[in-house]
Amino acid sequence: MAKLKKRSVVPIYAIAVVWVIFTLVHPLYRVSDYVSVILISAVTFIVAKGIFPTVEYELPDPAPAEEVPKEEPQEAAGEDQAQPEAEKPEAADEPASTGDPKLDALIQEKDRAISEMRRLNDAIADETISAQIDQLEDATAKILDHVIHHPEKQPQIRKFLIYYLPTTLKLLNTYDRMGATGVSGENIDGTMAKIETMMDTIVSSFHKQLDALFRDEAMDIASDITVMENLLVQEGLADMD
């Protein structure tokens, strides 16, 4: 099992806050001022580290590849050539397992959803809806691929998996079935119009779900930038606008 660590960004934020508050209340003119703020930062970091410790989690090792058995020497080559191709056994293609049932289920759900979107895209003739399905397919694949490679983020897409994605597929299936009837009526036309209106909102929500998965990385970078800016200003290497 591979062990991974997820460090909290709170201690870094805490140090940044200490520097900002200290420089506002007590400008750094002397060496003792720098020593004081560094000591306060160290204490703050240790306290915050204790409250928000590093989280460890394990990822399963990839399943070992099966050893291919060596072929027995052919004693009667003529008989093998005479055997019909249809009688030779065919190896069944089975999806590779990650060793984690939840990840395996997520991979299967991704394949199923993408396959269904492509089927619906081929079946629905409307160019606008077709273009929107292309965007949904792209966003769905990126969302699920990101979580497959970052399993700790699975809770962030729980509602996406159990409601938003299946409901979207249900709406598109309804649109496909009603459009295939070739009949115009109050219920059919009204329902299809509502789905067409809703599609822009659905596409936007899928994009926001993908963006939300990068929130932690964005906070880490923002913290790094804040600390670097303050240090550069204190060292006289940059001007505070």
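So, is E217 buried, partly exposed or exposed? At 29% relative accessibility, E217 counts as partly exposed, where buried means under 20% relative accessible area, exposed over 50% and partly exposed in between, with a 1.4 Å probe and protein chains only.

Quick caveats. This is a predicted model, where local features need pLDDT of at least 70, side-chain atom pairs count only at pLDDT 80 or more, and totals for chains, interfaces and linings use all residues. Residues are numbered from 1 along each chain as its sequence is written, and side-chain values use heavy atoms, leaving out hydrogens and water.

Back to E217: its side chain meets K153 in a salt bridge, 3.0 Å from N to O. By salt bridge I mean a side-chain nitrogen of Lys or Arg within 4 Å of a carboxyl oxygen of Asp or Glu. K153 sits in the loop between helix 5 and helix 6, and E217 in helix 8 (residues 215–234), so the pair ties together parts 64 residues apart in sequence. Helices here are DSSP runs of H or I, at least four residues, numbered from the N terminus. K153 itself is buried, at 2%.

The count comes to seven salt bridges. Another one joins K142 and D138, at 3.2 Å; they are four residues apart in helix 5, about one helical turn.

Now the core. The largest nonpolar core has 29 residues, and L136, I157 and F206 touch the most other members. Such a core is a set of buried Ala, Val, Leu, Ile, Met, Phe, Trp, Tyr and Cys residues joined through side-chain atoms within 4.5 Å. Helices 4, 5, 6 and 7 each supply at least two of its residues.
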